[in-house]
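Keep the sequence and the 3D view side by side.

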Amino acid sequence: MNDLTKGIRKAEIAVKWDPSPSGHPPTDLDLVAATYLTSDPQGGPAYLVHFDRRSPDGTITLNRDSKDGKGFGWDEVLTVEFERLDPRYARVVVGVVIQQRPDRRTFVSVGNPRLRIREGYTDLAADDFGGVLGATAATVGEFLRTDSGTWDFHPGVHGYEDDPTTFTSVMGATARS
């Protein structure tokens with residue numbers, strides 16, 4: 001039988017959280033996407049997309065960026081167009097980083113954080129970061145290109161205790177299957 005699956009063609013990753021209480025510094029969560037080459041899918045990221053970096057080909061777009069959680073609906077939204085992503089990329093790992101200014105923060109100190117990953121109107125994953133409350137960052141899912149060229153999604157929230165720069169360099173070091 002032939003494989004008729006189209007795989008994931010376009011995904012939206014979104015996070016939201018409640019603003020900090022009055023008189024406290026704002027809480028800032030950031031979505032991060034890292035791409036990995038087919039020639040070295042476990043190596044370092046080929047490129048990163050986050051609040052001040054774009055994908056070179058426009059296939060990964062940060063549509064919404066919040067520095068304080070005061071947006072309406074989802075505060076941060078990232079879109080990945082897998083059908084347009086160059087064949088030289090085999091993995092895309094997505095994560096969430098808590099900015100560590102002015103104090104060190106973990107998910108336990110973020111008011112009501114939520115995650116949603118979807119394709120069209122279908123939710124692929126949802127989470128409240130309850131399993132990684134002591135983490136300062138977390139990977140939230142991995143997309144893998146199959147041998148047939150389609151993309152599969154592998155959910156999973158995995159916490160890290162690194163600063164944002166270190167996290168982006170290690171977030172794809174371990175393959176999830």
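Which side chain meets that of K67 in a salt bridge? The partner is D65, with N and O 3.6 Å apart. A salt bridge here is a side-chain nitrogen of Lys or Arg within 4 Å of a carboxyl oxygen of Asp or Glu. By this rule there are six salt bridges.

The model is predicted: local features need pLDDT of at least 70, side-chain atom pairs count only at pLDDT 80 or more, and totals for chains, interfaces and linings use all residues. Residues are numbered from 1 along each chain as its sequence is written, and side-chain values use heavy atoms, with hydrogens and water left out.

Now look at exposure. Buried means under 20% relative accessible area, exposed over 50%, and partly exposed in between (1.4 Å probe, protein chains only). K67 is exposed, at 53%. D65 is partly exposed, at 34%.

Turn next to R91. It forms a salt bridge with E142, and their closest N and O atoms are 2.5 Å apart. This pair links distant parts of the chain: R91 lies in strand β6 (residues 89–98) and E142 in strand β9 (residues 137–145), 51 residues apart. Strands are DSSP runs (E, at least two residues), numbered from the N terminus. R91 is buried because its relative accessible area is 2%. E142 is buried too, at 1%.

Finally, find D123. Its side chain meets that of R118 in a salt bridge, at 3.0 Å from N to O. D123 is partly exposed, with a relative accessible area of 44%. R118 counts as buried because its relative accessibility is 19%.

Methods
Helix = DSSP H or I, 4+ residues; strand = E, 2+ residues; numbered from the N terminus.
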